[in-house]
Amino acid sequence: MNQVPAKLSGPLAPLVPRLELDGDGAKAIAGADTAGAAVERLVAADLHQDAVKLLAHALPKREAVWWACMCARSVPDPALPPEDAAAVEAAEAWVRRPDEPARRAAAATAEKTKFATPESWTAMGAFWSGGSMAPDGQVVVPPPDHLTATAVTGAVMLAAVRHTPEKRLDRLLRFIVSARDIAGGGAGRLQPEDPPPPPPPAAAPAAAPRPIPPPPSPPSPRMP
């Protein structure tokens, strides 16, 4: 059995209620005592999405957000809106310096997106890591503890199906390796895929058919 990385060696039991596993998932992790051991069992049972969800909850929030960033960057999008590119940069800035200004900056960039990309959710994961969800100067509203993991799960799953959903399984397996590396103290970096080729240029509209000329008028009858 693989050694459980240090940051996945925490007890599994407190995390289970957050996972909302179905019968197969619950059966797969039965008897596991650590999050890392449960992840291995879920992967062995081909329950990769459940493994991703467990990793998002088991990793410390800072490491979980970094993992989401690595997954997003491993599947580049040449058409990524600038607002979303700024969001992942803000999330990474928070990971490097997880203070309140960086957390608020992540929220500000995320709010400029349409929340349709992995990048946008990395920034929300950073924002929901602590502090208050209310604007500065208002009554403190702490984010529920599970929200960062929810955002990270969304980011990772969106990255897994970007452009080519048929690559989902291979990507999830790579992403899980990345998470284990991060949990063991590594950077979890992934080789970016080649971006998809640009779409072919639109075909020129077909020329309209030339109208059929009307038949000639019959000759007038000649008078005798």
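**Entry 1: α5 against α10**

I began with a helix pair: the axes of α5 and helix α10 (residues 168–183) come within 10 Å and cross at roughly 145°. Axes here are lines fitted to C-alpha atoms, for helices over the stretch in contact, with angles running from 0 to 180 degrees between N-to-C directions. Helices (H or I, at least four residues) and strands (E, at least two) are DSSP runs, numbered from the N terminus. I noted the crossing of α5 and α10 as right-handed; that term applies if the near helix is turned clockwise from the far one by less than a right angle, and left-handed if anticlockwise.

Which residues make the contact? From α5 I listed Glu63, Trp66, Trp67, Met70 and Cys71, and from α10 Phe175, Ser178, Ala179 and Ile182. Contact means heavy atoms within 4.5 Å. By class I found 7 nonpolar, 1 polar and 1 charged, where Ala, Val, Leu, Ile, Met, Phe, Trp, Tyr, Cys and Pro count as nonpolar, Asp, Glu, Lys and Arg as charged, and the others, Gly among them, as polar.

**Entry 2: ground rules**

This is a predicted model, so I kept in mind that local features need pLDDT of at least 70 and side-chain atom pairs count only at pLDDT 80 or more, while totals for chains, interfaces and linings use all residues. Residues are numbered from 1 along each chain as its sequence is written, and side-chain values use heavy atoms, with hydrogens and water left out.

**Entry 3: the whole chain**

I counted 10 helices and 0 strands. Of the 224 residues, 43% count as buried, meaning under 20% relative accessible area, with exposed over 50% and partly exposed in between (1.4 Å probe, protein chains only). Among contacts between residues at least 6 apart in sequence, 62% join residues at least 24 apart.

Why does Cys71 count as buried? Cys71 does so because its relative accessibility is 0%. Leaving out residues up to four places away in sequence, Cys71 touches Val156, Ala159, Phe175 and Leu190. I also checked Arg189: its C-alpha is 8.3 Å from that of Cys71, though the two are 118 residues apart along the chain.

For Trp67, setting aside neighbours within four places in sequence, my contact list includes Val52, Leu55, Val152, Phe175 and Ile182.

**Entry 4: the largest nonpolar core**

The largest nonpolar core has 61 residues, and Leu54, Val65, Trp67, Val152 and Phe175 touch the most other members. Such a core is a set of buried Ala, Val, Leu, Ile, Met, Phe, Trp, Tyr and Cys residues joined through side-chain atoms within 4.5 Å. Helix α9 (residues 147–160) gives the most to this core, with 9 residues.

In helix α4 (residues 48–58), 10 of the 11 residues are buried. Their cover includes α1 (16–19), α2 (23–29), α3 (35–44), α5, α9 and α10.

In α6 the buried residues include Asp84, Val88, Glu92 and Trp94. I found the buried residues of α6 packed against α5 (61–73), α7 (100–110) and α8 (118–127).

**Entry 5: α7 against α8**

Last, I looked at α7 and α8, whose axes come within 8 Å and cross at roughly 145°. This crossing is left-handed. The contact has 7 nonpolar, 2 polar and 2 charged residues.
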